[in-house]
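Reader: I would like a close look at one part of this model. Please keep it brisk.

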Amino acid sequence: MRSYRELFRTPEFTPLFLASAAQGAAQTIGGLALGTLVYGITGSPLLSAVSMFGPQLAQVLGATFLLSGSDRLPPRAALTGIGCAFAAGTALLALPGLPVAGVFGVVLLLGLVASLGGGVRWGLLNEILAKDGYLLGRSVFNMLSGLVQITGFATGGALLTVLPARTCLLISAALYATSALGIRLGLTARPPRSSGRPSAAETWRTNSLLWSSRPRRLTYLGLWLPNGLVVGCESLYVPYAPHAAGTLFACGALGMFAGDVTVGRLVPPALRPRLATPLLLLLATPYVFFVLHPALPVAALAAALASVGFGAGLVQQERLMALTPDELSGHALGLHSSGMLTMQGVAAAVAGSVAGLTSPAAAMTVMALASLGVTLTLAAAARRTPEPGPTPALQES
């Protein structure tokens, strides 16, 4: 599968694509609205960052107890239920008088529900598309994410100038409900990919098997850590530029879109494996200079340039799929998604804490330097790791 036309001619790809677009719009508009609401109430960079990225913190619980459901639940029913839960939870966040503690309670519950979403969605995509079509299909979803974030953050920023943050949260809830409806009507009922009941014990067993391979461990760490630390930089856009955070988010999404188009469509397959480390270095380097407090146009350009580096995720996911048996693809991708989002939530909390002690600009530089250090360390470790055979066994160590 080599063209976008082939992708959209594949049955069920387009409904999944459109439902994901509605969900992405809900996430961007709702996240910006919630971060703005919490910052307005508390004046705290930490609480603002955690409110936007707090659901990710609960992903570690989902990865520990629930992830076996990624391959053991019917995909359509699971994705529909997740969309409905987010619609209800986001509407609850819009309630006047909800205390800050209540806000964070809802946010963490939604994160726990979402921990299943990545594995179910990307495992389903792996079923819908031919084996050689996953990277191109995932690149299209990443490009969609970039476009939706560009329009979603720009629209969210514009809406927040004329509407209360709570009203914007209700708009987000309606978009989540639309996504759930699109999944229910647009996809066919499929059986689970694996037999057996989801359980914490099965989740732990499969996590251990996936983690037992050193090449997979390094791939997971490369997917989680450099990316997450840079998202810590992004989580400080609101306190860095309270009246222009939507612009920074939109420019970052534009850069991510450019990176995904380049890696997913233009870079030859033989060259892709060599691009992961350079792209991760690009991802962090522009934020090193935020300690100089660049003006908004320069900061926006830096955010766009840095986000081109998110294209590294496509290269790393392609390697992860090459290292993982088909029957565990949903669980493996769910572990990637949960670990990445957990790290993003942790990094947002760390970045907010550092910003509280210093400044948002200084904290962004600290997080960027940490990301660069991790990337170089993982690259050195990968060079010392022998390549696995063409069909890696799960029991390898």
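Predicted model: local features only at pLDDT ≥ 70, side-chain atom pairs only at ≥ 80, totals over all residues.

Where is Pro-74 found?

Author: Pro-74 lies in the loop between α5 (69–72) and α6 (75–93). Its relative accessible area is 36%, so Pro-74 counts as partly exposed. Leaving aside residues up to four places away in sequence, Pro-74 touches Arg-190 and Pro-192. Gly-222 is 148 residues apart from Pro-74 along the chain, and their C-alpha atoms are separated by 30 Å.

Now to α6. This helix has 19 residues. From first C-alpha to last it reaches 27 Å, close to the 27 Å expected at 1.5 Å a residue.

Several residues of α6 are buried, including Pro-75, Ala-78, Leu-79, Thr-80 and Gly-83. Ile-82, Phe-86, Gly-89, Thr-90 and Leu-93 are also buried, and these five take part in the contact with α7 as well. The cover over the buried residues of α6 includes α2 (13–42), α7, α8 (117–128) and α10 (165–186).

Take α7 (residues 100–114) as the partner. The axes of α6 and α7 come within 10 Å and cross at roughly 170°. Angles over 145 degrees count as roughly antiparallel, so α6 is roughly antiparallel to α7.

Which residues meet there? From α6 come Ile-82, Ala-85, Phe-86, Gly-89, Thr-90, Leu-92 and Leu-93. From α7 come Val-103, Val-106, Val-107, Leu-110, Val-113 and Ala-114. By class, this contact has 11 nonpolar residues, 2 polar residues and no charged ones.

How values were computed:
Residues numbered from 1 in each chain as written. Heavy atoms only, no water. Helix = DSSP H or I, 4+ residues; strand = E, 2+ residues; numbered from the N terminus. Buried < 20%, exposed > 50% of the residue type's maximum accessible area, 1.4 Å probe, protein only. Contact = heavy atoms within 4.5 Å. Axes fitted to C-alpha atoms, helices over the stretch in contact; angles between N-to-C directions. Parallel < 35°, antiparallel > 145°, perpendicular 65-115°, else oblique. Nonpolar A, V, L, I, M, F, W, Y, C, P; charged D, E, K, R; others polar. Expected span 1.5 Å × (residues − 1).
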